[in-house]
Amino acid sequence: MLTPPQLQAICEVVAAGSFRTAAQRLGYTPSAVSQQISTVERALGVPLFERSPRSVRPTAAGLQLALRAGRLLADLSATENEMRAYAAAERGRLRLGSFWSAGFRLVPTVLTGFLRDRPEVDVRYEEGDPQVTVPAVLEGRLDLAVIFEYGVVPHSWPEGLEHTLVREEPLYLLLSAAHPLAGRQHIRLADLRDERWISYHEDTDAAHCLRHICAAGGFLPEALFRTNDYNLPYELVRQGLGVAIAPELAVVDASASPDASGTRLVRLTDSTHTRRVYATRRTTDPNPFLPQAIALLHTAAAALPERGEGECPVVTG
């Protein structure tokens with residue numbers, strides 16, 4: 001197999017028309033260059049140069065090989081430079097996944113930061129809940145996933161993953177502004193026993209969380225409306241069709257919309273009534289962009305508006 005030094009020697013001899021001049025350019029002796037050329041000719045079974053006492057002239061095969069050698073060496077040089085850029089974290093790829101509300105409120109900061117600071121990095125994003133994105137991380141289809149875990153629905157995550165806490169957020173009860181309980185300073189969970197509930201799909205962590213919370217108040221919720229769209233509960237609540245529980249990221253999302261203007265937010269005060277948001281990666285993933293991505297997620301989380309205790313009544317057991 002031809003080697004880069006052999007290809008360089010062929011190109012220099014063709015360009016210089018002399019072993020001596022080519023040797024000077026390459027930093028070799030003329031004898032070493034001549035031996036390299038002879039080795040290639042024997043290996044390929046074709047003469048590459050017509051030799052005379054005063055000069056060497058490339059044959060047709062020599063010219064063709066020099067042409068191809070120049071292209072190969074250029075590609076090799078470009079490849080080396082490209083790999084050095086990867087090693088210096090100037091180029092590469094980051095594949096990011098997230099559930100919807102974090103994707104809406106946190107991920108744009110990550111995408112903007114990389115497009116601004118590292119435009120040569122190929123950043124990809126896809127939306128999905130943890131049951132989709134966690135396997136994708138484990139299988140190498142994603143480098144980083146933003147996932148959640150409800151305090152009353154803990155998970156046993158697979159081995160080989162590293163979780164960084166990004167935010168622990170409270171949960172809120174959503175009431176219509178016209179609801180009879182909306183004006184109270186304190187609401188007991190038991191007061192919600194006969195309410196129509198708006199919940200998420202039956203097999204989701206959010207639905208399990210709602211059942212746990214209501215069970216603590218001594219009843220099981222009657223979920224008449226189910227959706228995995230974080231925006232729809234606000235419209236249903238606003239229309240007085242029921243009540244719902246939502247995490248703060250989703251509350252922040254919808255509260256910026258006119259569709260949420262007819263709702264009242266009630267913060268749940270039990271310490272277990274929270275949702276933790278994690279940045280999850282493989283422990284063995286050497287991707288150099290992961291620390292920056294996680295730092296940007298923390299920046300985005302810290303920039304979210306804080307809700308004061310005085311804005312919301314308290315739900316007690």
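Which residues of helix 1 are buried? Select Gln6, Leu7, Ala9, Ile10, Cys11 and Val13: these are the buried residues of helix 1. Buried means under 20% relative accessible area, with a 1.4 Å probe and protein chains only. Helices are DSSP runs of H or I, at least four residues, numbered from the N terminus.

This is a predicted model, where local features need pLDDT of at least 70, side-chain atom pairs count only at pLDDT 80 or more, and totals for chains, interfaces and linings use all residues. Residues are numbered from 1 along each chain as its sequence is written, and side-chain values use heavy atoms, with hydrogens and water left out.

Next, show helix 1 (residues 4-16) with helix 2 (residues 19-26). They pack at an angle of about 125°, with axes 8 Å apart. Axes are lines fitted to C-alpha atoms, for helices over the stretch in contact, and angles run from 0 to 180 degrees between N-to-C directions. Now pick out the contact (heavy atoms within 4.5 Å). Helix 1 brings Gln8, Ala9, Glu12, Val13, Ala15 and Ala16. Helix 2 brings Phe19, Thr21, Ala22, Arg25 and Leu26.

Step just past helix 1 to glycine 17. Its phi is positive, about 70°.

Last stop: leucine 249, in helix 10 (residues 248-255). Is leucine 249 buried or exposed? Leucine 249 has 1% relative accessibility, so it counts as buried. Beyond its neighbours within four places in sequence, leucine 249 is in contact with residues including Phe99, Arg167, Val277 and Leu304.

How values were computed:
Helix = DSSP H or I, 4+ residues; strand = E, 2+ residues; numbered from the N terminus. Buried < 20%, exposed > 50% of the residue type's maximum accessible area, 1.4 Å probe, protein only.
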